[in-house]
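Let's take a walk through this protein, starting with the whole chain and ending in one of its sheets.

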Amino acid sequence: MNMRMILIAVIMAIVLNGYAIQAAEIFSIAQATHPRIVADSANNIYAVFEGYASGSDIREILYSKSSDVAHTWTPPFNISRTVGVSTAPAIAIEPSGAVDVVWRDTTSGEFHPDIYFTRSTDGGRTWTKALNISHTTGICSEPAIATGPGNLIHVVWVDTRPADGRPDIFYSYSSEGKTWSPCESISPTPGSSSHPTVIASKDGIIHCAWLDTSSGEERPDIFYVRKINSGWTTPVDVSNSPRLSDHPWLACGAKGKIFLCWSDNSQKKNAADIWCVIGKNGRFDKPINISDTPGVSSQPVVVANAAGQVSVVWSDTSLKLSKPDIYARVSTDNGEDFSNVLFLTHTDGLSIHPSVTLLGSTMILVWEDVMGSISSIKGTTFEFKGIGTGPVDQVDPTVRRPNSNSH
C-alpha cells in the first residue's frame, strides 16, 4: 500500500470569524483501525494501530513512523508479536525519547486478557519482547499510558479482579519497562469504572480520570484522582451531569493547567456535546461546552503543550447524521480563548476514533476512515495561524462546509 501522501483535489477551506482556515492534504498510513499517535522532541511522529501483519489473520499492534511532518510514513511493522489477539493500543514518549506502547492481549487466554507492553529506545527500529504487565485473574481492557519526570512509565487499565467482579481502574508503573510495581486499584467507588485516561505533569503528579456509574447506571459521571507523595487522592466527580457522560481524555497544558474533556448529552438529550474543564492543583473550573454543534459529538481527544497551544478534536455528525467527520476547537493562549469550530476532514468514509499530537505550531490529526467493510488510517495537518479566537461561548459554533464563503 502506498505510504506517501495522497494528494486530493479539494483543499478544505473554512471561513470562520473572518479568517480562511486551511487544512492540508489528506494522507494515508495503512488499512487498520483505532490509531494513536504521539510526537517526540526531534519532530518524529509515531503511530500505532490495530491491523493484520503479512500472512496473519490475527489482529496485531502495528507501528509506523514519520520524520517529515507526516508527509511520508514507514511501512507498518508488527510490534506485538504474540500468539493472542492484540487490540486497543496506546502510546507515549519518555523524556529520554524512548517509545512505549501498551495494548490488550489474549495470549493468557481468550476470556482472561491482560495488558501487554513493549518499548523502543532507538527510534522504533527495534522493540523489546512483549511483556505481560497486569498478570491478574480478572478481565483486563482499555489500557492508557503516560510518561513523566525521571522517564517513569505509568499505565492504567480496567480490571475485573475485585471479588465482586465489578470493574475498577488499576495502575502500575516502571522506571525502565522491565520491572513493574504491584498492580493497585485507584478507583475505590461503589460503581463500575471504565474508559481510563492518564497523564503525568512536569511536577511528577499523576492525573487519572475515568467513567464511573456511582451516580447511577443511567447517568455515569467522570471521576478524577491524582497521585501525590505516593498516595492517591479521594475520587472527585468532575462532570456531575444529570445525563450520560462518556469517553474522558486528559492533557497537560502550560503553567500547570490540566484539561479534561468528555462527551455529554446534558444540554441536548439526543445529541451529545463535548465538554471541557480546566484545572490546576486538583481544582477545576466550571465545565464549558466546547462543541455545541447540532450533531452528535463523541470520542473527544485533547492535547496541549508548554507553548500554550491546545487542541480538542472529536467525531461529529453535524453535516450528515450517518457520516461523522472530525471537528476541532483550538486555543493559542492555554485555554483562555478558543477558536470557532473547525471542520478538518472531508472524505467519503466515516471518520471515527481521532488521535492528535502537536509539533510546534502544527497539529497532526489521524483517524479511522471507514468505507463499507474497509477501515483505513488517514490523517491531515493543521497550522495554528490566522485563527480568530474568543471566549468559547462567544465564538461561532456553526459548522461550515469546506470552501464555504459564508459567515
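Of the 407 residues here, 60% count as buried, meaning under 20% relative accessible area with a 1.4 Å probe, protein chains only. Keep in mind that this is a predicted model, where local features need pLDDT of at least 70, side-chain atom pairs count only at pLDDT 80 or more, and totals for chains, interfaces and linings use all residues. Residues are numbered from 1 along each chain as its sequence is written, and side-chain values use heavy atoms, with hydrogens and water left out.

How big is the thing? The C-alpha trace spans about 60 × 50 × 40 Å along its principal axes. A compact globule of 407 residues would have a radius of gyration near 22 Å, and the protein's 20 Å agrees with that; the radius is taken over C-alpha atoms, and the globule rule is 2.2 Å times the number of residues to the power 0.38.

As for secondary structure, you'll find zero helices and 34 strands. Both are DSSP runs numbered from the N terminus: H or I of at least four residues for helices, E of at least two for strands.

Now zoom in on an open sheet of four strands, ordered β26-β27-β28-β30 with antiparallel pairing; two strands pair if DSSP finds at least two bridges between them. β26 (297–304) and β30 (342–343) sit at the edges with a single partner strand each, so one side of each has no neighbour in the sheet. β30 is joined to β28 (residues 325–331) by two bridges, and the two run antiparallel. Look for tyrosine 327, which stands opposite phenylalanine 343 in β30.

Methods. Buried means under 20% relative accessible area, exposed over 50%, partly exposed in between (1.4 Å probe, protein chains only).
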